[in-house]
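Please look through the structure shown below. The paragraphs after it give a guided reading.

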Amino acid sequence: MNNAIDLEGVCKRFPGKRGSVDALVNVTFNVAQREFIAVVGASGCGKSTLLRIIAGLMPASAGNVAINGERVQGPAPGIGIVFQTPVLLPWRTVRRNIELQLDIRKFNRGDYAQHVDALIDLVGLRGFEDRRPYELSGGMQQRVALCRALIHQPSMLLMDEPFGALDALTRETMNIEVQRIWMETRKTIVLVTHSISEAVFLADRVVVMTSRPGQVREIVPVDLPRPRTFDSMKSDTYHDAIGRVRALLNARAMTE
Ligand SMILES: Nc1ncnc2c1ncn2[C@@H]1O[C@H](COP(=O)(O)OP(=O)(O)OP(=O)(O)O)[C@@H](O)[C@H]1O
Ligand SMILES: [Mg+2]
């Protein structure tokens, strides 16, 4: 079976009036089908750029990107993406924002009504279906964005700092939920996060990037059994992995 994602020698250079910026240099790694990968690295090291390139929203300057063995040449259909900022349409309600994904793909809303309801329950937005984005907190908006990324049942989910705006407790609950979604639906997930503990708790492997220009410094495997629970956070394996990732980052900009 093909890998879900193959990155080989991926580079990204942004040209600019005051000189160009090398955001990514020679990024090479693979993601297996149904694997959960976390990507960590200092601010500005190219994580969001990397997700956009994987999703086919932006071309690489050099190198090869393949999804399920096929070279990426434009937006890939079987991917759900949660951007760093939720980008909701202000005039649409929560439900309509989630359905936006269906409208774009010309899917029938009626066929997905139950699924929309299940997702709203899953992320704890019941009662807010008919509200508009300005009536929601930042964390709630991000949860709408998560539903929108999942509604068309993609086989791959790319998430860029999805829980950054959530309070610590809600964030931990969402981590458990994401693990549950992943275990139940067996999606391939790539999660960009600034939280070392979140990366280790969720991922099979943590890709640690260098600061700009972003390169893969090392990939740290996390051999914790599933499902992981709050008890997993007490294990030596968990703490060793956190120590390893932190040592590799060695950057004060990172938070727990
Ligand atoms: N569209 C663009 N045009 C020009 N430069 C860009 C563009 N997008 C990103 N960059 C530059 O590329 C580098 C990487 O940006 P990127 O947003 O990928 O970083 P990041 O790792 O996601 O950072 P953060 O953790 O703060 O979200 C930065 O130096 C940024 O200024
Ligand atoms: Mg980013």
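What follows goes from the domains to a pair of helices, then to the ligand and a loop residue.

This is a predicted model, in which local features need pLDDT of at least 70, side-chain atom pairs count only at pLDDT 80 or more, and totals for chains, interfaces and linings use all residues. Residues are numbered from 1 along each chain as its sequence is written, while chains are lettered from A and ligands numbered from 1 in the order in which they are written.

The chain is assigned two parts: domain 1 (1–78 + 156–235) and domain 2 (88–153). These bounds come from an automatic or database domain assignment. The C-alpha centres of domain 1 and domain 2 are 23 Å apart. Eight residues of domain 1 are in contact with seven residues of domain 2, where contact means that the C-beta atoms of two residues, placed from the backbone, lie within 7 Å. On the domain 1 side, five of the touching residues are nonpolar, one is polar and two are charged. In this scheme Ala, Val, Leu, Ile, Met, Phe, Trp, Tyr, Cys and Pro count as nonpolar, Asp, Glu, Lys and Arg as charged, and the others, Gly among them, as polar.

Next come two helices. Helices (H or I, at least four residues) and strands (E, at least two) are DSSP runs, numbered from the N terminus. The axes of helix 2 (residues 94–104) and helix 4 (residues 138–150) come within 7 Å and cross at roughly 35°; axes are lines fitted to C-alpha atoms, for helices over the stretch in contact, and angles run from 0 to 180 degrees between N-to-C directions. Helix 2 contributes Val94, Asn97, Ile98, Leu100 and Gln101 to the contact, and helix 4 contributes Val144, Cys147 and Arg148.

Which residues come nearest to ligand 1? Of the 13 residues around ligand 1, they are Phe14, Ala23, Ser43, Ser48 and Thr49, a residue being near if its C-beta atom, placed from the backbone, lies within 6 Å. Helix 1 gives the largest share of this shell, three residues. By class, the shell holds four nonpolar, seven polar and two charged residues.

Seven of the nine residues of helix 1 are buried, among them Lys47 and Thr49. A residue is buried if 20 or more other C-beta atoms, placed from the backbone, lie within 10 Å of its own, exposed if 12 or fewer, and partly exposed in between.

Glu35 sits in the loop between strand 2 and strand 3 (36–40). Glu35 counts as partly exposed because 18 other C-beta atoms lie within 10 Å.
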